[in-house]
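Please look over the model below before reading my notes.

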Amino acid sequence: MLCLGAAGPATAIPRLDLSGYPAPAAGLQRWVIQPSGLLPQSSDPLISAHPIDWRVQLIIGKEVEVGCNNTWLSGQALTMKRLPQAAGKALFVLNGPLVVMSTRKLCSPETPRKRSFLTLGKQPYLVPFNASWPIVVDIPHGAQLRWRVWKAHAIQFQGILLD
């Protein structure tokens with residue numbers, strides 16, 4: 001018999017307050033990230049433990065089946081809209097469709113096809129980390145939002161002035 005127990009008391013997840021955010025436009029779906037203030041601390045003393053030094057990278061993409069051709073995702077850039085009615089919070093929006101682009105070389109029938117997550121854009125889209133505010137992103141139906149937290153180095157470095 002297997003007995004499962006909790007390591008500690010369960011904590012409730014607070015309901016997200018999305019008042020002040022307009023409904024997603026037609027053709028867009030809403031994704032919400034609620035950064036936790038309880039992310040595990042790094043054992044590395046060189047990594048900043050202060051959330052003011054952290055950023056959240058928004059990764060917009062689509063999972064597609066690819067073969068031997070080079071394949072990438074094309075679409076408009078993510079834009080940020082300030083929402084005065086939502087106490088200075090922001091809404092991130094990607095309007096327009098995401099298009100899968102590909103080279104057109106002939107693939108061998110034996111070449112296996114695989115599922116791959118294609119990302120939009122070459123530069124990371126970083127937003128400040130704030131455990132008190134949700135990150136609200138509206139993207140086209142069929143697209144996915146992934147994210148990760150970047151933590152800064154605890155030590156500030158100084159450049160060298162060349163005369």
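1. Start with Cys68. At 25% relative accessibility, Cys68 counts as partly exposed. Buried means under 20% relative accessible area, exposed means over 50%, and partly exposed lies in between (1.4 Å probe, protein chains only). Its partner Cys107 is partly exposed as well, at 27%.

2. A word on the source. This is a predicted model, in which local features need pLDDT of at least 70, side-chain atom pairs count only at pLDDT 80 or more, and totals for chains, interfaces and linings use all residues. Residues are numbered from 1 along each chain as its sequence is written, and side-chain values use heavy atoms, with hydrogens and water left out.

3. Back to the cysteines. The structure holds 1 disulfide, a pair of cysteine sulfur atoms within 2.5 Å. Cys68 and Cys107 form it, with their sulfur atoms 2.0 Å apart. Cys68 lies in the loop between strand 2 and strand 3 (71–74), and Cys107 in the loop between strand 6 and strand 7, so the pair ties together parts that are 39 residues apart in sequence. The link is left-handed, with -95 degrees about the S-S bond. A disulfide is a covalent bond between the sulfur atoms of two cysteines.

4. Now the overall fold. The chain has 0 helices and 10 strands. Helices (H or I, at least four residues) and strands (E, at least two) are DSSP runs, numbered from the N terminus. Buried residues make up 25% of the 163 residues. Take contacts between residues at least 6 apart in sequence: 83% join residues at least 24 apart. Contact means heavy atoms within 4.5 Å.

5. How many salt bridges does a search of the whole structure find? The search finds 4. A salt bridge is a side-chain nitrogen of Lys or Arg within 4 Å of a carboxyl oxygen of Asp or Glu.

6. One of them joins Arg30 and Asp138, with the closest N and O atoms 2.8 Å apart. This pair links distant parts of the chain: Arg30 is in strand 1 (residues 28–33) and Asp138 in strand 9 (residues 135–140), 108 residues apart. Asp138 is buried, with a relative accessible area of 2%. Arg30 is partly exposed, at 25%.

7. Arg146 and Glu63 also meet in a salt bridge (3.7 Å, N to O). Arg146 sits in strand 10 (residues 144–151) and Glu63 in strand 2 (residues 54–66), 83 residues apart. Both are partly exposed: Arg146 at 36%, Glu63 at 34%. Look for Arg115 too, as Glu63, Arg115 and Arg146 are linked in a network of salt bridges.

8. Strand 2 also holds Glu65. The side chain of Glu65 meets that of Arg113 in a salt bridge (2.9 Å, N to O). Arg113 lies in the loop between strand 6 (99–102) and strand 7 (114–119), so the pair ties together parts that are 48 residues apart in sequence. Arg113 is exposed, with a relative accessible area of 52%, whereas Glu65 is partly exposed at 44%.

9. Last, the surface. The chain exposes about 11800 Å², and carbon and sulfur atoms supply 58% of it. Accessible areas come from the Shrake-Rupley method with a 1.4 Å probe; for residues, only the protein chains shown count as cover. Phe157 lies in the segment after strand 10 and is exposed, at 66%.
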